[in-house]
Amino acid sequence: ERYSGPYPQLGAVLGLFHKFTPRMHPKFFGVLGYDFSEKSITYGLCAQVILSGGFSTITPTFFGFVSGLLAVKWSETELPDFVYTIAGLIGKVITDEAPAVMMSRSVQRGGANRTRRAPTTGGTRATAPSPAQPPRPPPPPPEEAIAQLTSMGFDRESVVRALQQTDNNVEAAANRLLMG
């Protein structure tokens, strides 16, 4: 019998729960001299759901659990630069250019402030010394953003100042203008 349901996803979430949720009460309750934490309730409910279908539900849940833990482990390591380059090229081919108003701060700045995780060595993060560079002034606000905010009734000078203070983030600038 083939399984049907979200068992791999349940396993992946259970793996994340196991890794990241701390035991707050190690002796939450006891049975026959054995102490259980509050996490035992979640494990018990998941076991009931997982074991209800036999091997047709245990197998996909197990693979989901393992893949959830592997995803966490692999997310902690840095990929080679060619992976980022290939993904960027593929992304440019399959996507349209976003309007300047919708671009994130790093895209508007030309990716100058792109940060990447340092690779881990021996359980601690390796930190490379960064050269001391003076911070760049923010680029001038895009005309689309200025027009969008001035159409809301704000004067141009206040709009430009708010956009510069919020790194050309239209939503944050609007909030700043509305708050006074």
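User: In this predicted model, what makes a pair of side chains, such as those of Glu157 and Arg161, count as a salt bridge?

Analyst: A salt bridge is called when a side-chain nitrogen of Lys or Arg lies within 4 Å of a carboxyl oxygen of Asp or Glu. The side chains of Glu157 and Arg161 meet in such a bridge, with N to O at 3.4 Å, and both residues belong to helix H7, where they are 4 residues apart, about one turn of the helix.

User: How many salt bridges does the structure hold, and which residue pairs with Arg156?

Analyst: The structure holds 2 salt bridges. Arg156 pairs with Glu143, their closest N and O atoms being 3.2 Å apart, and this pair links distant parts of the chain, since Arg156 is in helix H7 (residues 156-165) while Glu143 is in helix H6 (residues 143-150), 13 residues apart.

User: Which residues make up the largest nonpolar core?

Analyst: That core has 11 residues in all, among them Ile146, Leu149, Phe154, Val159 and Leu177. The elements giving two or more residues to the core are H6, H7 and helix H8 (170-179), with the largest share, 4 residues, coming from H8. Leaving aside its neighbours within four places in sequence, Leu149 is in contact with Phe154, Val159, Leu163, Val170, Ala173, Ala174 and Leu177.

Definitions and conventions
Residues numbered from 1 in each chain as written. Predicted model: local features only at pLDDT ≥ 70, side-chain atom pairs only at ≥ 80, totals over all residues. Heavy atoms only, no water. Core = buried A, V, L, I, M, F, W, Y, C linked by side-chain atoms within 4.5 Å. Buried < 20%, exposed > 50% of the residue type's maximum accessible area, 1.4 Å probe, protein only. Contact = heavy atoms within 4.5 Å.
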